[in-house]
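Please read them with the structure open.

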Amino acid sequence: MIRIPVILSAIALACSLAPTVALSQGGLILLPDQDLPLSGQLADGIDPSDRLRQYGPADGDQTAPEQRKWVSPLRLTDLQVQRNGPLARVTGERELVSFDLYVADPGRTQRLQLVTVSSINLLPERSFMRVLVNGVDLGRTSLDNFESEDSDEFILAPGTLRAGRNAVQIEFRQGHRIFCGPEASFDLWSDIDLTHSGLVQDADNGAIGPDGFMMGLAAQSAALAPVEIRGIDSLGAEAENWRRALVRRLNQSLVGAPVVFAFTDYWTLERETPAQARITILPAAQSRVSFQVGGDGARVMVLEVAQGTRPADLLGQIPQLEPQEQADRASLLVADAENTFANFGIHTESFSQRYAIRNHPFRLPDDWLILTAEKARIYLDYAYVEGLPQGSLLLIRVNGQSVRLLPLRGDGGAPIVRFPIDFEARIMQPGTNTLTFEMMVPGDPADLPCPAYDQPFLQIGETSSLFVPYSPPMSIPDMDLAFSALTPDSLRQNELSGRAYSENDILTLSAVLARARGDIRSSTLHLVSIDDLGAVPMAHHRADRKLLEDTVLITPEYEALLAEQRAVDDPFAVRRQQERGFTAALSNIWALVLDKVYWVRDRIFPSNGDQLNAWLSERRGQAVLFHLDPDRPDEIWMLRSPDSDITQIANSIAGARAYGRGPRGQVSILGYDGRWDNWIAPDRRPIMLEPWSFQNFRTAMGNFVSARPIFYTFLMLFLAMASALVALRLVISTREKP
């Protein structure tokens, strides 16, 4: 009886603290140990959405969010723009960068804020940025924030914005203070802070809709921060299906860098930085979607899910989550025909800067294959102005290989139509390819600032075309086809994968693979740790395990340190060289002879060579993809460096899938500069996918011979020698005896 008052006091204290704890979770929680009745309401008869409103900011923290300003940030849509966390760097003299801006209520008085910092090399009088929103020119402002970030504002006139997604384009004009030319353009850059650049408005803590949620989703992902999805485990056996659907749908609805998610419980520790958006899932008797504001000011999509509800049925009710154009693959070209540039997305290109590079992806059929010396042809329609400085040129590349260098001199001022550019068709490959234009115009003079010039130096017409030669249906082992077909369902793990990939890492990879690539067969991506390299099928290739480990374990910083140590002068080095003398010379000659012998052997019998190990010994990277077993064409194995950033890897994967220049061949290494370095096995063999006929025999046989030319050359030589011996034997045996 003595303990009863103590117990009652403890219960009263716990009840008084409950609202405070709930508020620290952001307000969007499902109280534990409560059974959900079949009516779709909570046990106390309160509707779930009403229960969520109880924990708004009016019930607790009175300091902000209603007093603070809120920014709906710009979402960068071009993955080719260099990015470092929340900062996007725009380089060069003249660039046009595209963004998405999400707006809930376009009728409110709003202003656009841009936070930038620029290189000290910029000449303020000739450096500015011009802003267009939905095609409406808002004017321009000088790029003069050199020492630290500062903001510039643009007032939006009524009618400029629309509810939902808005298109924002910012044109950067950047001139050098001192120099002019291609080299000077690399010193011109401006960083735009994506977390603080966007639409400035008062925080709205009232009711929101799907457009308000999209604003919060863009804000949460601007700094590559994860978006919380709470309570998904409450769906039981259906949780995994909903997990995949949410990751896929939300990533397809936003263009640009993939959105990363974190799946948490209802009860979650309060974050240092308040969340801008999240998703809360509640089991219910009837499925519905609502949008609320949490106690921390986050815009929340609440999904009340009844048992057996398909994700597509509930999420399909939200038009804002419809897939965007980013999901489309590069345009597919037709073989044995001319394909105009307009057909694969290249409109008239204008070059108004001293240095510019433009990449254009296109796609060839998966069963197209040319390994012979057959020619493809570009018919180029272009024009350039008169009087360009000496040394002006246009470089055309296909898949990184230069096919033509055109000097821009003479005949200026008049269009040049159907200029033929022939190149070997084997440079192109089945799947994704890239056509690149690179233009350079020297300064005249180079040691003075460039004069103001608004007209383009060079224009390439969309009437230009690319002729792709005929190929019979054939295939050859290559990683690109499997890489293009990866989806969130493609990820596979084993017992040791957790040593290299955390749960958040896997969610990040799932997010980047959620961008659909069309109706193609699905493939598999196996995640392996460095302790599990034996699980990677090597077929007949003999990759050295030590070299593979060094590829991902040795960082550029460590290599630089080793180079410094080797550079220390050795006082005995000269004497050792003198003592070696004649012996060292003989050794070098013998090593040179052996290298030549091995070179011939490796080309006659490529599978017996050690070319992969020689290639690996010179590479370092943050991730390695393997596709060595031709009997598993739809499977890729991925190894990552322990010190790598999974977000950088994910962004590189997204960029490769959108713009090409990604993993190919049998082994691909993602360098620390974000580029893919590929190794193609010299002994891979093409496969015929249709019956042999008189029509396809010549081209198909040419591909087989071209795949291993030296082997077939020695084979023909052997057959010729054997035929000669048989003929000689026949002549001798048929001679009449005297």
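1. Leucine 132 has glutamine 169 in E10 as its bridge partner. Strand E7 (residues 128-133) and E10 run antiparallel and are joined by six bridges. Strands here are DSSP runs marked E of at least two residues, helices are runs of H or I of at least four residues, and both are numbered from the N terminus. Two strands pair if DSSP finds at least two bridges between them.

2. The model is predicted: local features need pLDDT of at least 70 and side-chain atom pairs count only at pLDDT 80 or more, while totals for chains, interfaces and linings use all residues. Residues are numbered from 1 along each chain as its sequence is written, and side-chain values use heavy atoms, with hydrogens and water left out.

3. Which order do the strands take in the open sheet of five strands? The order is E2-E5-E10-E7-E8, with antiparallel pairing. Strand E2 (75-76) and strand E8 (136-142) are the edge strands, each pairing on one side only.

4. For the chain as a whole, there are 15 helices and 35 strands. Of the 738 residues, 48% are buried. Buried means under 20% relative accessible area, exposed means over 50%, and partly exposed lies in between (1.4 Å probe, protein chains only). Among contacts (heavy atoms within 4.5 Å) between residues at least 6 apart in sequence, 78% join residues at least 24 apart.

5. The count of salt bridges comes to 30, where a salt bridge is a side-chain nitrogen of Lys or Arg within 4 Å of a carboxyl oxygen of Asp or Glu. One of them joins the side chains of aspartate 100 and arginine 165, at 2.9 Å from N to O. This pair links distant parts of the chain: aspartate 100 is in strand E5 (residues 94-103) and arginine 165 in strand E10, 65 residues apart. Aspartate 100 counts as buried because its relative accessibility is 5%, whereas arginine 165 is partly exposed because its relative accessible area is 31%.

6. Arginine 664 and aspartate 478 meet through their side chains at 3.7 Å, N to O. They too link distant parts of the chain, 186 residues apart: arginine 664 is in the loop between helix H13 (646-659) and strand E33 (667-670), and aspartate 478 is in the loop between strand E28 (474-475) and helix H7 (479-484). Arginine 664 has 10% relative accessibility and therefore counts as buried; aspartate 478, with a relative accessible area of 7%, is buried. The other salt bridge is between arginine 358 and glutamate 349, whose closest N and O atoms are 2.5 Å apart. Arginine 358 and glutamate 349 are both buried.

7. There is also a network of salt bridges, which links Arg94, Arg130, Asp137, Glu171, Arg173 and Asp454.

8. What does arginine 363 reach with its side chain? The side chain reaches the backbone oxygen of alanine 330 at 3.2 Å. Arginine 363 lies in strand E20 (residues 355-364). Arginine 363 is buried yet has no salt bridge, and the nearest side chain of opposite charge, aspartate 366, is 5.1 Å away. For charge, Lys and Arg count as positive and Asp and Glu as negative, with His and the chain ends not counted.

9. The structure holds one disulfide, a disulfide being a pair of cysteine sulfur atoms within 2.5 Å. Cysteine 180 is joined to cysteine 450, with 1.9 Å from S to S. The two cysteines are 270 residues apart and link distant parts of the chain: cysteine 180 is in the loop between strand E10 (164-173) and helix H3 (182-185), and cysteine 450 is in the loop between E25 and E26. The torsion about the S-S bond of cysteine 180 and cysteine 450 is about 105°, so the disulfide is right-handed. Both cysteine 180 and cysteine 450 are buried.

10. Most residues other than glycine have a negative phi, and most peptide bonds are trans. The peptide bond from aspartate 444 to proline 445 is cis, with omega near 0°. Proline 445 is in the loop between strand E25 (431-440) and strand E26 (458-460).

11. Arginine 418, although not a glycine, has a positive phi of about 50°. Arginine 418 lies in strand E24 (residues 416-424) and counts as partly exposed because its relative accessibility is 41%. Alanine 539, also not a glycine, has a positive phi of about 55°. Alanine 539 sits in the loop between strand E30 (524-528) and helix H9 (545-553), and at 45% relative accessibility it counts as partly exposed.

Note on methods:
Polar contact = N/O pair within 3.5 Å; in protein donor to acceptor, adjacent residues only side chain to side chain.
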